[in-house]
Structure formats: C-alpha cells, structure tokens
Amino acid sequence: MRVRAYSTSANLGPGFDVIGIAIDSFMDVVEVEVEAGGPDAIVTEVIGPYSREIAPGRDNSAAVAARTALEYAEAKLTAKIKLWKGVPPGRGLGSSGASSAAAARAIDILLGEVLREEELIKAASEGERAAAGSPHPDNVAPSLLGGMVIVGDEIVKIEPDVMFVLAIPWVPIPERKTEIMRSVLPDSISLSSMVKNSSHLASLIVGMAYGDLKLAGKGMSYSLVDEARSRLIPGFKEVKEAAFRAGAYGASISGAGPSMLFLCDECERVRREVQEAYKRLGIPSSVLIARVAEGAGEVEEDTFKCRRIVD
Ligand code: HSE
C-alpha cells in the first residue's frame, strides 16, 4: 500500500511553529507492509530523486512516525517501509515532515483508520523530532491534512484558494540546519514585538480565510522570527524586493529556510523577477509556481511523478 504526502511551507511569517501550508511542488511516497511483532518500524530502502541525502533504518523520520503511530494504536506489528524521496531535504519545504506524515497516514489506513487527528499529528511530529531536533507540528499537520493548518491546542484547517511562488536557493546547507536556525531566535521578546507579530498573524489568518490577498500578504510579510533569521537567508532582501516590485502581496522565509515563499496572483511575473534577482546575485536557484495541496492519502502504483530539480 502506498501513501503520498506533499511538501509544506511552515510559519508563513508570523505563524512560527503554529501555521503551515501544503504546497504541491514536491511529494514523498511511502510503500508500507506490516508483519507480526512489534510495535516497530524500519525504513528498508530509500529511492527516488532525493534518496542520496536520506539514510534508511529505524531512525529515519518515516520509521519513527510509523512506530509511534503503531504504539498509539497498541498494534503489535512491525512496519517495513520503502521511502520514495521526492521532497528536497534541508530547504525549508517540510521534507522530513512529508515522510513522517505519509508514514503515519499509511499505518492508520492499514489499521482501519483508528487514530484521531491529534494522534496522527503527534506521531508524525515524533518523526519530525528525529530529523529536526524538535517535534514542531507545523509541517506535519498540513502535510497530513492538506490546506493551511493552524496547530496548537486546537487544530484548525482552512483551504485558501491562493497561489505562491516558491524560491529555492541551491546553497550549501549546514548539518542540523533547523537547530541552527532556531538557535538564532531570541529567548524572550518585548511586549511591543509581541503585539506587532500578533497583528501580522491576525491579518495573515483573516486574509487567508477570506481570500483577501492584500491583507494576507501584509500579514505574512513581517515576523519577528523572519527578522532574526533573514541575515542567514541568501539574497533575502534583494529577492523580497524583486518579488514586491513584480506585484507579490506577501513574502516569508519558508520554514527555517533557505527557501522563500511569495503570495501572488500574477505569479509568472513574480517568478521571473525572483529568478532574475537570484541570477544577479550569482545564487543558483529554482523558482516555481506552487498551489495549495491536499493532505496525505493513498495512491496507485504509477504516481511516482515528482522531479529532482537540480543535482
Ligand atoms: N517552525 C519551524 C521553524 C519549521 O521555523 O523552525 C522548521 O521546519
């Protein structure tokens, strides 16, 4: 049985660790079989465009998520997982989250859909912890559920009818990138920073919910987290300016970077300008138009159709 889960962009600016959106640019697929004994899970093989970067084994995010899902369901089974890796790792696109979401969803389907949404998200978040060092759910939740998800004490899903430009700079990525990008964030913030971030977060959510691109884009374009991280994002200022000049409504770092996400309606123009900006800076990049994707679900055999953009 095969399940695919899409790439995601977390935070959307001010929604640090609580908002993420599924985007259709890339996907992971898991093929899962279960046998008696366990609960346990192992990734036996990683194939596909980004397989080089990902080790199989019991510590792979997909294995951790599947094992946790089996534990929650108290199922004495061992999952053997073949992972088709289509989401480029380390780029801020929820790569480990997609593997985790696909694996957790696959186990739940195999068991007859016994897990609650919260349990699925928690199980997949454990997979995220294995890869990124913290169990933040803002990638796994949209990869599991599709659309834009706000995840905290409550899980809220909306399905905004919006388009983005996704910009991926192909720069070297340090080991434990997410941990590094989290370590540059302030431990405490002033009340005025909190108010500014909250006001942008409110605009982002209301704008997305009502399809008000101007409001959503304004909300997306400031966050205290992006402000702290921007100096570590190659071309941040130049690329953002180019996108706004071309008519983008909003811009944010995608997850912990280095990719960036731009909200737009005339996206082809934004895509071209952003690509030109990276060229001027001498930064190799892929700049794509992305749409909101659906959640993790079962697929037929011939749907391994994702691409590797660059080696
Ligand atoms: N919310 C997380 C962060 C996403 O920005 O650190 C990273 O995967």
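User: Into which domains is the protein chain divided?

Analyst: Start with the domain bounds. In this predicted model, the chain splits into domain 1 (2-157) and domain 2 (163-291).

User: How far apart do the C-alpha centres of the two domains lie?

Analyst: The C-alpha centres of domain 1 and domain 2 are 24 Å apart. Read that value together with the contacts. Here 30 residues of domain 1 are in contact with 38 residues of domain 2.

User: Where does the ligand lie relative to the domains?

Analyst: Check which domains supply the shell. Both domain 1 (2-157) and domain 2 (163-291) give residues to it, so the ligand lies between them. The ligand also sits in the largest pocket.

User: Which residues surround the ligand?

Analyst: List the shell, then sort it by class. The shell consists of Ala10, Asn11, Phe16, Asp17, His136, Asp138, Asn139, Arg182, Arg229, Gly255 and Ala256. Three of these residues are nonpolar, four are polar and four are charged.

User: Which side chains have an N or O atom 2.6 Å from a nitrogen atom of the ligand?

Analyst: Look for pairs of N or O atoms within 3.5 Å. The side chain of Asp17 places an N or O atom 2.6 Å from a ligand nitrogen. For His136, a polar side-chain atom is 3.2 Å from a ligand oxygen.

User: What share of the ligand's exposed area does the protein bury?

Analyst: Begin with the ligand taken alone, which exposes 260 Å². The protein buries 94% of that.

Note on methods:
Residues are numbered from 1 along each chain as its sequence is written. This is a predicted model: local features need pLDDT of at least 70, side-chain atom pairs count only at pLDDT 80 or more; totals for chains, interfaces and linings use all residues. Side-chain values use heavy atoms; hydrogens and water are left out. A residue is near a molecule or strand if one of its heavy atoms lies within 4 Å of it. A polar contact is a pair of N or O atoms within 3.5 Å; within protein, one must be able to donate a hydrogen and the other to accept it, and residues adjacent in sequence count only if both atoms are side-chain atoms. Accessible areas come from the Shrake-Rupley method with a 1.4 Å probe; for residues, only the protein chains shown count as cover. On a 1 Å grid over the protein atoms alone, a cavity is a set of points where a 1.4 Å probe fits but cannot get out, and a pocket is an open set with protein on both sides within 12 Å along at least five of seven lines; lining residues have an atom within 4 Å of a point. A molecule sits in a cavity or pocket if more than half of its atoms lie within 2 Å of its grid points. Ala, Val, Leu, Ile, Met, Phe, Trp, Tyr, Cys and Pro count as nonpolar, Asp, Glu, Lys and Arg as charged, and the others, Gly among them, as polar. Domain bounds come from an automatic or database domain assignment. Contact means heavy atoms within 4.5 Å.
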